Amino acid sequence: MIRSWRVWLAVSACLLLALAGVVWLSVFALRLDRADRQARESAAREENVRLALWRLDSELFPLVARESAVAVDAYTALSPARGVVDAARQPLQEGEAWVASPLMAGPPEHVLLHFQVGPTGEVSSPQVVDPAVRASLGLAYPEVGDEVLRHRLDRVSGWLSRSAVQDALAGRVAAGSRRAPREESTKRIPDEVQWTKNASEFDARSRGARQAASQSMVSYGKFKALPPETDSPSVGEDMRAIWVEDALLLVRRVQIKGREYIQGCWLDWPELQRWLRGRVADLLPGATLEPVKDTTTEKGEGRMLAALPVRMVPGAVPREDGSSGALSSLPAVLTVAWSGVLLAAVAVVALLAGVVSLSERRGAFVSAVTHELRTPLTTFRMYTEMLAAGMVPDAQRRQEYFDILHREAERLSHLVENVLSYARIERGREPARLERVSVGALLSRMEERLSERALQSGLSLCVDVPRDVVVMTDPSAVEQILFNLVDNASKYAVNTQDPRIHFELERRCSRVGLSVRDHGPGVDPATARKLFEPFSKSVQAAAKSAPGVGLGLALCRRLARSMRGDLRHEHVREGGARFVLWLPTA
């Protein structure tokens with residue numbers, strides 16, 4: 001027991017170390033898999049963000065380019081025509097002919113109102129004019145209506161001031177030309193570089209578009225752009241997007257006859273935001289657009305658009321099918337690996353348990369067999385020495401000694417026969433050869449031997465069996481089983497008040513049971529649980545009850561099952577032990 005305890009302790013420690021190693025490897029592999037998947041998802045998200053930013057700037061490019069290409073004179077409802085001649089092809093003086101602004105037709109898509117801030121701070125709009133003037137020019141009324149346009153102009157006049165616009169323009173210009181200081185962390189450099197690259201590309205495309213638009217641009221309404229003139233007002237700077245309170249404006253500063261004006265348009269930011277989100281819904285379904293009102297501090301912080309002071313928040317990016325690639329099979333691989341490890345551990349434990357059990361059974365067998373052999377060998381030696389020395393002159397006493405030697409020889413022969421039979425079965429003995437045989441033929445073959453064994457213990461064998469029943473069995477195996485059962489009854493029921501051993505027959509469906517019952521002390525529940533285990537009887541138990549190694553019943557059950565039968569122990573209320581050998585009928 002001490003040795004087996006040490007073996008189990010060593011094996012348990014090895015298994016725990018192996019399992020700890022496998023757990024560590026599994027956790028490490030899962031961490032690597034998670035990190036790789038996160039890297040893949042981050043790369044896919046950044047790619048979607050890059051594509052979305054490029055798409056949004058591409059969508060905004062025509063809008064900003066269109067507003068940048070609007071002529072300076074178009075922000076006044078009526079402006080004097082320059083370079084106009086009469087029917088006689090004589091030039092008309094400035095002020096004799098006037099041209100209506102193409103913006104009077106109404107604001108286009110995504111624009112709420114066009115406005116102009118004069119040098120003194122007055123705010124006007126080419127779309128807010130007297131209806132009579134509009135009617136005299138033959139222009140249709142705007143779809144939104146004059147009242148709505150006037151209300152928008154009042155709102156613009158209420159929160160728009162020249163100083164606020166100039167400050168916003170100055171801040172935007174400074175932000176556009178600002179360089180990132182050296183002390184900024186390297187983490188902000190990629191965003192700043194990307195934003196600068198987007199802004200440079202956008203500015204270059206805007207300048208090209210304005211040059212093309214100045215040559216062949218059709219205005220918002222049915223009027224063409226104003227004819228160019230050598231002394232036409234010069235645009236001081238490009239159209240830029242700024243935030244004034246909660247309004248998104250496109251504004252620029254221009255010089256008209258030496259005086260500075262601010263021109264621009266009020267963009268419909270809610271509608272523009274919904275439209276832009278719809279353009280990138282396939283890439284970033286959860287994307288939102290947030291205004292950036294202080295571009296001097298937030299330009300490098302997030303994903304800014306080059307066209308507008310707006311930052312895009314990507315939101316959650318849907319995971320594409322198969323985005324995890326080959327690593328998606330890692331959980332399945334780990335499951336298979338863990339199954340193999342657990343099966344290997346169970347196999348090692350089962351093998352070790354079998355080896356330990358075999359070792360213990362071998363020790364018990366050697367101890368029991370040694371004890372069983374010692375008693376008859378001692379008897380042989382003592383009696384043969386006495387008989388050889390002539391120490392027993394009485395003939396009756398000598399015959400008694402001869403009978404004792406004969407019984408011990410039978411006992412040794414029975415023990416050796418059981419051990420050899422069990423060894424043949426353990427080595428994989430061929431199945432028993434079954435044959436049709438009647439119960440009467442079986443009894444005539446073995447009844448005398450069974451009765452003689454019972455008489456040796458002072459018991460009598462009572463046979464109550466119909467002899468015409470035919471069974472399929474191996475007669476020699478049946479004889480060995482029944483002799484073991486009668487031998488056990490003769491050992492344990494030797495001093496009972498009822499010295500009978502009953503040999504009976506019963507039928508259940510297609511099976512026949514041959515039972516052997518005695519009136520001895522019976523089998524207690526603890527012993528019954530291991531009754532058919534080989535070598536289950538210790539030397540101490542054999543010394544207290546009856547000699548034996550605990551092999552007979554295990555051998556009998558295996559023989560019975562090799563004949564497609566079985567051997568069972570059944571509890572008897574009246575006391576005693578009852579064993580039934582079940583055999584198939586012919």
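Mentor: Glu 67 is buried, with a relative accessible area of 0% (buried means under 20% relative accessible area, exposed over 50%, partly exposed in between, for a 1.4 Å probe and protein chains only). Keep in mind that this is a predicted model, where local features need pLDDT of at least 70, side-chain atom pairs count only at pLDDT 80 or more, and totals for chains, interfaces and linings use all residues. Residues are numbered from 1 along each chain as its sequence is written, and side-chain values use heavy atoms, with hydrogens and water left out.

Glu 67 has a partner. It forms a salt bridge with Arg 66, and the closest N and O atoms are 3.4 Å apart (a salt bridge is a side-chain nitrogen of Lys or Arg within 4 Å of a carboxyl oxygen of Asp or Glu). Arg 66 is partly exposed, at 26% relative accessible area.

By the same rule the count comes to 24 salt bridges. Take Glu 271 next. Its salt bridge goes to Arg 274, with the closest N and O atoms 2.7 Å apart. Both residues lie in helix α6 (residues 269-279) (helices are DSSP runs of H or I, at least four residues; strands are runs of E, at least two; both are numbered from the N terminus). Glu 271 and Arg 274 sit 3 residues apart, about one turn of the helix. Glu 271 is partly exposed at 34% relative accessibility. Arg 274 is exposed at 54%.

Helix α11 holds another pair. Lys 491 forms a salt bridge with Asp 487, and the closest N and O atoms are 3.4 Å apart. The two are 4 residues apart in α11, so about one helical turn separates them. Lys 491 counts as partly exposed, at 28% relative accessibility. Asp 487 counts as buried, at 6%.

Some bridges join up. Glu 506, Arg 508, Glu 570 and Arg 578 are linked in a network of salt bridges.

Stay with α11 for its packing. The axes of helix α11 (residues 475-492) and helix α14 (residues 552-562) come within 9 Å and cross at roughly 150° (axes are lines fitted to C-alpha atoms, for helices over the stretch in contact; angles run from 0 to 180 degrees between N-to-C directions). That angle makes α11 roughly antiparallel to α14 (under 35 degrees is roughly parallel, over 145 roughly antiparallel, 65 to 115 roughly perpendicular, the rest oblique). On the α11 side, the contact is made by Gln 480, Ile 481, Asn 484, Leu 485 and Asn 488 (contact means heavy atoms within 4.5 Å). On the α14 side it uses Gly 552, Leu 553, Leu 555, Cys 556, Leu 559 and Ala 560.

Arg 564 sits in the loop between α14 and β17 (566-571). Its phi is near 60°, a positive value in a residue other than glycine. Most residues other than glycine have a negative phi. Arg 564 is exposed, at 60% relative accessible area.

His 110 also has a positive phi, about 70°, although it is not a glycine. This residue is in the loop between β2 (98-100) and β3 (111-117). Here the setting is buried, since His 110 has 12% relative accessibility.
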